[in-house]
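Hi,

Here is the structure I promised to pass on. Have a look at it, and then read my notes below.

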Amino acid sequence: MACKPASLDHVNIFVRNAGNAYRWYTDILGLHTQDIFHHPGTDRMRAAFLSCDPGHAHDIALFEVGEDAPLPEKGQVGLNHVAWRMATLEDLEEMYRRLQDRGVPVRVSDHSISIGVYFSDPDGNGLEVYYELPREEWHQDKPFSIEGGKGRFPGPWDASLRQASPAAARA
């Protein structure tokens with residue numbers, strides 16, 4: 001059997017201020033704190049390791065690079081976004097409302113087998129929270145390249161989806 005990874009496990013991102021990023025990720029996403037590193041000889045946070053599940057070492061590590069570090073630029077080579085799968089459509093609705101309540105700008109996209117809510121952290125790192133149908137409910141062979149099947153995820157994002165649809169753009 002060919003050697004291959006068991007799964008994609010965690011992401012490590014650079015942030016300008018680890019303390020600010022830590023507070024944002026724990027407030028917005030509700031992540032569990034697994035570990036914190038401080039700058040030597042200080043109480044100032046240098047890195048945070050956060051997870052969805054307290055039984056897992058970490059899903060994301062936030063490493064401070066300094067307040068003057070340049071923000072990510074659109075179209076540059078690198079990571080586009082990190083996606084967080086929600087267990088249920090209701091959980092995604094709750095997260096969407098939390099983002100709205102906190103004034104975080106979002107974009108919603110219906111991918112026919114999943115629905116994603118896209119946004120950025122304060123340092124411009126792209127994020128997504130999404131819900132994906134179980135495989136037996138896809139009713140198509142390929143997850144993304146087949147047209148149709150949209151509209152299976154009614155929710156608080158309906159108006160946003162209508163504004164983003166090609167029909168709305170032509171109107």
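**The pockets**

The lining of the largest pocket gets at least two residues from each of β1 (11-15), β7 and β8. These names come from DSSP runs numbered from the N terminus, with helices being H or I over at least four residues and strands being E over at least two. Before going on, note that this is a predicted model, where local features need pLDDT of at least 70, side-chain atom pairs count only at pLDDT 80 or more, and totals for chains, interfaces and linings use all residues. Residues are numbered from 1 along each chain as its sequence is written, and side-chain values use heavy atoms, with hydrogens and water left out.

Back to that pocket: β1 supplies the largest share of its lining, four residues. The space inside is about 800 Å³. There are 30 lining residues, and P72, L79, N80, G124 and G126 are the closest to the centre. (A pocket is an open set of points on a 1 Å grid over the protein atoms alone, where a 1.4 Å probe fits, with protein on both sides within 12 Å along at least five of seven lines; lining residues have an atom within 4 Å of a point. The volume is the space filled by probe spheres set on the points, which are joined across faces, edges and corners.)

The second largest pocket has about 290 Å³. Its lining includes D9, H10, W84 and Y130, and β5 gives the most, with four residues.

**The sheet**

Y130 turns up again here: this residue of β8 stands opposite G116. Strands β7 (residues 114-120) and β8 (residues 126-132) run antiparallel and are joined by seven bridges; two strands count as paired if DSSP finds at least two bridges between them. The open sheet has four strands in the order β5-β8-β7-β6, with mixed pairing. β5 (82-85) and β6 (107-110) are at the edges with a single partner strand each, so one side of each has no neighbour in the sheet.

**The core**

What about the inside? The largest nonpolar core has 38 residues, and Y25, L29, I60, L62, L92, V129 and W157 have the most contacts inside it. Such a core is a set of buried Ala, Val, Leu, Ile, Met, Phe, Trp, Tyr and Cys residues joined through side-chain atoms within 4.5 Å, where buried means under 20% relative accessible area (1.4 Å probe, protein chains only). Among the elements that give two or more residues are α1 (18-28), β4 (60-64) and α2 (89-101). Of these, α1 gives the most to the core, with six residues.

Cheers

Key
Buried < 20%, exposed > 50% of the residue type's maximum accessible area, 1.4 Å probe, protein only.
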